[in-house]
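Visitor: I would like to learn how to read the features of a model like this one, step by step. Could we take them in turn, with the general idea before the case?

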Amino acid sequence: MRLAPGPTVSCAMAAESRTVDEGPRPGPPSVLGALWTSLIGRKALMAATGFVLFVYVLVHMLGNLQAFEGAARLDHYAAQLRVYPSLLWAARAVLLVAVVVHVVAGLQLWAARREARPIAYHGWTPAGSTPASRTMIWSGLLILGFVVYHLLDLTFGVANPDFRRGEVFHNVVVSFSRGAAVVFYVVAVAGLGFHLWHGLWSMFQSLGVSNRAFTPTIQRAAAALGALLAVGFSAVPLAVLFGLLG
């Protein structure tokens with residue numbers, strides 16, 4: 001005669017079955033993982049990486065303006081950046097990670113907005129937004145394409161007609177003696193100015209530190225900084241093109 005299993009045996013068998021079926025449970029997601037899986041988190045990551053990139057372009061512009069002090073000054077500045085290769089490569093790694101996170105998050109957020117409203121408004125008139133905010137994706141793609149070209153031109157020398165390693169002033173003059181290169185450069189940094197106009201003030205909202213009382217001031221300051229960077233970056237190529245530098 002076969003006896004039915006008692007309560008203790010049944011519970012043990014059920015527990016064993018659950019263990020076999022479920023397998024090891026994954027641990028809690030990391031902080032970065034949790035941020036990336038939410039729209040608000042991705043906006044925060046985009047804002048943080050955008051700030052890192054803003055600091056870089058500001059410093060880069062100030063370095064570029066040393067061209068007005070002559071070839072020796074600009075070449076010395078460029079040489080100083082390579083005194084400590086480990087620090088240089090660490091900075092490049094941080095910038096690369098910031099660019100990748102910023103671009104991927106931006107594209108995903110843009111796609112999410114498109115999916116949320118696949119059909120465009122009919123007769124839509126923009127209100128409460130700026131041209132910069134409405135063209136963020138396009139100015140961002142323009143900047144990304146320009147960065148690739150800029151590296152090929154003045155860092156790797158592939159797109160420079162007479163590249164000389166270590167002679168930064170010479171390479172700048174050769175590159176910006178071409179009208180097409182200057183036009184592309186000026187258009188790209190104008191796009192950068194537009195991108196920063198919206199990006200800098202929206203950064204405060206994405207990081208949760210915005211205040212309606214200060215929003216107009218932040219917007220004006222962001223527009224001024226965007227314009228300043230656009231003019232500052234355009235100064236050297238235009239000066240070379242018109243024979244004021246070289």
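Visitor: In which helix is the place of Ser175, and is Ser175 buried or exposed?

Guide: Helices (H or I, at least four residues) and strands (E, at least two) are DSSP runs, numbered from the N terminus, and burial is read from relative accessible area, where buried means under 20%, exposed over 50% and partly exposed in between (1.4 Å probe, protein chains only). Ser175 lies in helix H8, and with a relative accessible area of 0% Ser175 is buried. Contact means heavy atoms within 4.5 Å; leaving aside residues up to four places away in sequence, Ser175 touches Tyr149, Asp153, Leu154, Asn160 and Ala181.

Visitor: Before going further, how should I treat the numbering and the values?

Guide: This is a predicted model, in which local features need pLDDT of at least 70 and side-chain atom pairs count only at pLDDT 80 or more, while totals for chains, interfaces and linings use all residues. Residues are numbered from 1 along each chain as its sequence is written, and side-chain values use heavy atoms, with hydrogens and water left out.

Visitor: How many residues of helix H8 are buried, and what covers them?

Guide: Eight of the nine residues of H8 (residues 168-176) are buried, so this helix is largely enclosed by the rest of the structure. The buried residues are Phe169, His170, Asn171, Val172, Val173, Val174, Ser175 and Phe176, and their cover includes helix H4 (71-80), helix H7 (136-155), H9 and helix H10 (215-241).

Visitor: What are the secondary structure and the buried share of the protein as a whole?

Guide: The protein has 10 helices and zero strands, and buried residues make up 28% of its 246 residues. Among contacts between residues at least 6 apart in sequence, 68% join residues at least 24 apart.

Visitor: How do I read the packing of two helices, and at what angle do H7 and H9 pack?

Guide: Axes are lines fitted to C-alpha atoms, for helices over the stretch in contact, and angles run from 0 to 180 degrees between N-to-C directions. Angles under 35 degrees count as roughly parallel, over 145 as roughly antiparallel, 65 to 115 as roughly perpendicular and the rest as oblique. H7 and H9 pack at about 135°, with their axes 9 Å apart, and are therefore oblique to each other. A crossing is left-handed if the near helix is turned anticlockwise from the far one by less than a right angle, and right-handed if clockwise; H7 passes H9 in a left-handed crossing. Residues making the contact include Met136, Phe146, Tyr149 and His150 of H7, with Ala181, Tyr185, His195 and Gly199 among those of H9. For classes, Ala, Val, Leu, Ile, Met, Phe, Trp, Tyr, Cys and Pro count as nonpolar, Asp, Glu, Lys and Arg as charged, and the others, Gly among them, as polar; the contact of H7 with H9 divides into 11 nonpolar, seven polar and no charged residues.

Visitor: Which residues does His150 touch?

Guide: His150, which lies in helix H7, is buried with a relative accessible area of 18%. Not counting residues up to four places away in sequence, His150 touches His60, Thr155 and Tyr185.

Visitor: At what angle do H3 and H9 pack, and how far apart are their axes?

Guide: Helix H3 (residues 39-64) and helix H9 (residues 179-206) pack at about 135°, with axes 10 Å apart, which makes H3 oblique to H9. H3 passes H9 in a left-handed crossing. Here Lys43, Ala44, Ala47, Phe51, Phe54 and Asn64 of H3 meet Tyr185, Leu196, Leu200, Met203 and Ser206 of H9, a contact with eight nonpolar, two polar and one charged residues.

Visitor: Finally, how are salt bridges read, and what does the count come to?

Guide: Side chains of opposite charge can pair when their charged atoms come close. A salt bridge is a side-chain nitrogen of Lys or Arg within 4 Å of a carboxyl oxygen of Asp or Glu, and the count comes to four. One of them joins Arg73 and Glu69 at 3.5 Å, N to O; Arg73 is partly exposed at 38% relative accessible area, whereas Glu69 is exposed at 55%. Asp162 bridges to Arg164, with the closest N and O atoms 3.4 Å apart, and Arg164 bridges to Glu167 at 3.5 Å. Salt bridges that share partners join Asp162, Arg164 and Glu167 into one network.
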